[in-house]
Amino acid sequence: MQGKHHGEYKVPGGKLVVVDLDVVDGALNGVRVAGDFFLEPDEALDAINGALEGAPADTDARGLAARIDAALPAGAVLFGFSSEAVGIAVRRAVADAREWTDFDWQIIHEGPQSPALHMALDEVLTAEVAAGRRPPTLRVWEWDRPAVIIGSFQSLRNEVDPEGAARHGVTVVRRISGGGAMFVEPGNTITYSLCVPNSLVQGLSFAESYAYLDDWVLGALGDMGIRAWYKPLNDIATEAGKIAGAAQKRMAAGGGAVLHHVTMSYDIDAEKMVQVLRIGQEKLSDKGTTSAKKRVDPLRRQTGLPRAEVIARMIASFRARYGGAMGGVSAQELARAEELAAGKFSSQEWLTRVP
């Protein structure tokens, strides 16, 4: 493989790293690193470029970072980025990864829908992106009822108290992505999905893609005065506690696509949550409830804004960064999703696939 390659990597909560290079006879050539980061001393940039020159083109990000670390002058300071971030940008350059602004995004924010239909829409829309029939999509959900959504590989009996769920009218569904159980209520939760082609996360490890796809929402929260950060593997946190959890599913069909969805706590009924989820139920006391409240710190308290305003500002922040036109689910997509919702996602077979 030979030719010009350009790669970019925005450090979550940090700065942009840009790399331009050639690949000649299987090695990096003419490497030039740039970005809006801070670096001292000036000659450290030449050291970084020199360390990457001649490296095998299939070297992973950690291997590239090790070369950079060994070449940096004593006392060098990298602020807003790291040697591994440079390595990731190189990997994305070699892989000819696409950038957020390379795409014409569609944004969907429609009325309340059932938990099963939300699960089905995630599967259908991501498959449509993989097939190239739909542009990359940000979809903000609205719930028509309280629900518990368990991860694809979680045990139903270990996660959900069926009596508590029935008492509080909570619908239980299983999603196609991994991760943990989420308790949601229509006015208390903000949930969104990103359905993106594989090319957007090309050159990133599975873990790195979580941080990369969450970075825009860190910026959106920052615009609302909330200092938030990505907490590996799949949480968004603030000094007051966790405010969101993410999950992913990779689809190999067509050109390949990634489903990345996030549930954020706008408000929370911790007493109800610990009666529905099996969160240390031997401690159903004030102590247990206080612990649950402490772990999740809702956006309502942190922003002082109505839920609709938080969502509007999130969408505006996304569009300011990457563009995007408001759109909707097509009739064909909805018909397929309704079929999946009534079949797969409402079936006991799917719900109890891990009893």
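Ile107 of strand β6 (residues 106-109) stands opposite Met326 in strand β16, strands here being DSSP runs of E with at least two residues and helices runs of H or I with at least four residues, numbered from the N terminus. β6 and β16 (residues 325-327) pair in the parallel sense over three bridges, where pairing requires that DSSP finds at least two bridges between two strands. The model is a predicted one, in which local features need pLDDT of at least 70 and side-chain atom pairs count only at pLDDT 80 or more, whereas totals for chains, interfaces and linings use all residues. Residues are numbered from 1 along each chain as its sequence is written, and side-chain values use heavy atoms, with hydrogens and water left out.

Strand β6 is also joined to strand β7 (residues 137-140), by four bridges, and these two strands run parallel. Within this pairing, Leu138 of β7 is the bridge partner of Ile107. Between β6 and β7 the chain passes through helix α4 (residues 115-131), giving a right-handed β-α-β crossover; the term applies if, with the strands pointing away from the viewer, the path from the first strand over the helix to the second runs clockwise.

An open sheet of three strands shows mixed pairing and the order β9-β8-β10. Its edge strands, each pairing on one side only, are β9 (171-174) and β10. On average, neighbouring strands of this sheet are turned by 20 degrees against each other, direction ignored. The strands β8 and β9 run parallel and are joined by four bridges, with Val148 opposite Val172 in β9. Helix α4 packs on this sheet, where it touches β8 and β9, and its direction makes about 15 degrees with that of β9. Contact denotes heavy atoms within 4.5 Å, and angles run from 0 to 180 degrees between N-to-C directions of axes, which are lines fitted to C-alpha atoms, for helices over the stretch in contact.

Burial in helix α2 (residues 61-71) involves Ala61, Leu64, Ala65 and Ile68. These residues lie on the same side of α2 because they cover an arc of only 100 degrees around the axis, the arc being that of the directions from the helix axis to the C-beta atoms. Residues are classed as buried under 20% relative accessible area, as exposed over 50%, and as partly exposed in between, with a 1.4 Å probe and protein chains only. Arg62 and Ala70, on the other side of α2, are exposed. The cover over the buried residues of α2 includes β3 (27-35), α1 (44-52), α3 (83-94) and α7 (206-223). Helix α1 contains Asn49, which is buried because its relative accessible area is 9%. Leaving aside residues up to four places away in sequence, Asn49 touches Val31, Arg32 and Val33.

Salt bridges were assigned where a side-chain nitrogen of Lys or Arg lies within 4 Å of a carboxyl oxygen of Asp or Glu. The count by this rule is 17. In one of them, Lys4 pairs with Asp22, and the closest N and O atoms are 3.8 Å apart. This pair links distant parts of the chain, since Lys4 belongs to strand β1 (residues 4-10) and Asp22 to strand β2, 18 residues apart. The C-alpha atoms of Asp22 and Lys4 are separated by 4.9 Å. Strand β2 spans residues 16-24. Lys4 is exposed because its relative accessible area is 74%, whereas Asp22 counts as buried at 18% relative accessibility.

A further salt bridge is formed by Arg307 and Glu142, with the closest N and O atoms 2.9 Å apart. Arg307 lies in helix α11 (residues 307-322) and Glu142 in the loop between β7 and β8 (147-150), so that distant parts of the chain, 165 residues apart, are linked by the pair. Arg307 and Glu142 are both buried.

The side chains of Glu185 and Lys272 likewise meet in a salt bridge, at an N to O distance of 2.7 Å. Because Glu185 is located in the loop between β10 (182-184) and β11 (189-197) and Lys272 in helix α8 (residues 270-276), this pair ties together parts that are 87 residues apart in sequence. Glu185 counts as buried at 11% relative accessibility, and Lys272 is buried with a relative accessible area of 19%.
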